[in-house]
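Please look over the sequence and the structure below. Then read on for a short report.

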Amino acid sequence: MPKPFITSSIGRKYVMAVTGLILFGFVIVHMLGNLQIFLGQEALNAYAEHLEDFGALLWIARGILLTALVAHMISALSLAIENKNARPIPYAVQDTVQASFASRTMVMTGLIIFAFVIFHLAHLTFGKIHPEVYSLMDAKGRHDLYSVVILGFQDYRVAGTYVLAMFFLCLHLSHGISSLFQSLGLNNVKTQPVFKTAAKLIALLIFIGNCSIPMASLFGVLKPAGGF
Amino acid sequence: MKLKLRVWRQKNSTDRGRLAEYNVDNISEHMSFLEMLDVVNESLAGQGIEPIAFDSDCREGICGMCSLVINGIPHGPERGTATCQLHMRKFKDGETITIEPWRAKAFPPVKDLTVDRSAFDRIIQAGGFVSVNTGSAPDANATLIGKNIAETVMDAAACIGCGACVAACKNASAMLFVAAKVSHLALLPQGEVEKKARVENMVARMDAEKFGNCTNQSECQAVCPKEISVEFIARMNREYFKASLSPKSEIKGED
């Protein structure tokens with residue numbers, strides 16, 4: 001008897017693809033929101049405060065993201081364990097014809113991204129990395145996220161961690177964005193090269209966009225408000 | 001040509017196996033890879049060493065029996081050919097060549113370079129039957145099939161079931177094989193009737209045989225002697241998803 005869709009090999013690939021698409025959507029929105037740092041202190045702090053105004057909707061969104069993340073990881077790990085067991089005796093010599101480096105390291109890059117997400121939350125959501133600056137307020141009495149971010153990235157170790165993490169995220173996305181269409185069955189000979197090229201291009205843009213913030217902070221293009 | 005061969009030797013399915021080294025000489029560059037092994041075996045037999053067991057049958061690239069991983073690539077360095085169509089001129093004089101069997105839990109070793117690929121047969125069996133009327137042969141043009149569909153179906157049906165896709169996949173996944181079989185029958189009016197039950201039963205059998213899962217690296221397509229496209233995997237995923245949405249079919253497969 002066929003297994004339920006969701007526990008079959010293909011069903012779990014659908015879970016990977018759908019949750020991956022949700023998380024990819026989040027990465028895009030998150031980046032666009034954060035790039036407002038280049039519009040100045042007022043823009044970013046107002047945006048951060050405005051997000052909190054959504055209240056219940058924000059929590060629903062967070063719930064969906066967390067569910068997607070957990071489902072993505074559970075499916076990935078269950079598939080990866082089966083994949084590992086599917087070849088008990090490894091090849092003495094193994095070569096590839098055309099498989100990309102990214103496609104062969106998805107589990108590793110995924111785990112690195114998960115570790116980074118925890119670090120990132122500790123840094124800018126819970127203020128555990130630089131607690132001394134996290135409670136800064138701006139002139140209007142709002143949480144001064146603008147200055148907190150820039151001061152945080154003036155620490156080259158933090159900025160370096162972010163840039164490295166973005167490299168792994170974008171490596172993951174360079175395969176994932178095109179791979180998800182294949183898993184969902186929305187692919188054919190014509191669309192394949194388009195998806196592959198687009199995925200790499202989008203991953204590169206995300207890398208540049210996200211790294212611009214720590215880099216601009218580290219090299220003094222972005223300066224914290226007030227007399228720091 | 002002079003060659004140094006590193007060949008996987010394994011007495012039987014319970015033996016641990018190891019790579020043995022053989023220095024061979026007087027190999028013609030016009031020989032096929034399997035003819036080279038024949039020559040090596042003759043000389044091994046002469047020295048009182050057990051010849052190397054390997055699968056082969058038609059030796060013209062259509063039976064799907066030959067199954068060697070040569071320097072880490074199933075069917076060796078030549079694209080779009082089976083091992084039997086690979087010639088020694090593709091190698092350099094003095095080269096070291098490592099020859100291993102297909103490696104997958106679902107393909108248990110038999111001896112040396114031969115493995116048991118009956119998991120593929122069980123997947124085919126799980127696919128069930130195709131409804132055709134018995135009696136006199138149908139008129140050739142009674143069922144019209146568009147040229148595009150006929151071409152796509154032929155691309156899928158070119159699969160010879162050698163298992164190189166499984167051998168090349170880093171997850172030992174059989175998705176390309178199953179996708180080719182699912183697609184070629186689902187696309188034709190003769191096989192369309194049972195397509196939902198077929199894809200569900202074949203995928204269930206594939207999972208039960210402990211093949212790995214697809215991670216869309218397309219190495220299978222790259223080593224396939226018939227160059228079957230991973231587009232069929234997308235098609236199978238689509239068919240499987242559609243089948244899961246529809247009411248359970250009356251038609252039961254093998255299991």
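## Model and confidence

This is a predicted model: local features need pLDDT of at least 70, side-chain atom pairs count only at pLDDT 80 or more, and totals for chains, interfaces and linings use all residues. Residues are numbered from 1 along each chain as its sequence is written, while chains are lettered from A and ligands numbered from 1 in the order in which they are written.

The complex gets an ipTM of 0.91 and a pTM of 0.93 from the predictor. Mean pLDDT (the predictor's confidence in each residue, from 0 to 100) is 94 for chain B. In chain B, 97% of the residues score at least 70. Among the elements of chain B, helix α4 (residues 164–168) has the highest mean pLDDT, 98. Helix α6 (residues 189–192) of chain B has the lowest, 89.

## Chain B overall

Chain B has nine helices and seven strands. These are DSSP runs, numbered from the N terminus: helices are H or I, at least four residues, and strands are E, at least two. The C-alpha trace of chain B spans about 60 × 40 × 35 Å along its principal axes.

Of the 255 residues in chain B, 47% are buried. A buried residue has 20 or more other C-beta atoms within 10 Å of its own, with C-beta atoms placed from the backbone. Two residues are in contact if their C-beta atoms, placed in that way, lie within 7 Å. Take the contacts in chain B between residues at least 6 apart in sequence: 72% join residues at least 24 apart.

## Helices α2 and α7

In chain B, helix α2 (residues 118–126) packs on α7(B) at an angle of about 155°, with the axes 8 Å apart. Axes are lines fitted to C-alpha atoms over the stretch in contact, and angles run from 0 to 180 degrees between N-to-C directions. α2(B) and α7(B) are therefore roughly antiparallel (over 145 degrees).

From α2(B), Arg122(B), Ile123(B) and Ala126(B) meet residues of α7(B), including Asn201(B) and Met202(B).

## Contact between chains

Chain A brings 38 residues to the contact, and chain B brings 41. On the side of chain B that touches chain A, β5 (96–100), α7 (195–208), α8 (219–223) and α9 (231–245) each supply at least two residues. α9(B) gives the most to this side, with nine residues.

Key. Parallel < 35°, antiparallel > 145°, perpendicular 65-115°, else oblique. Buried ≥ 20, exposed ≤ 12 C-beta atoms within 10 Å, placed from the backbone.
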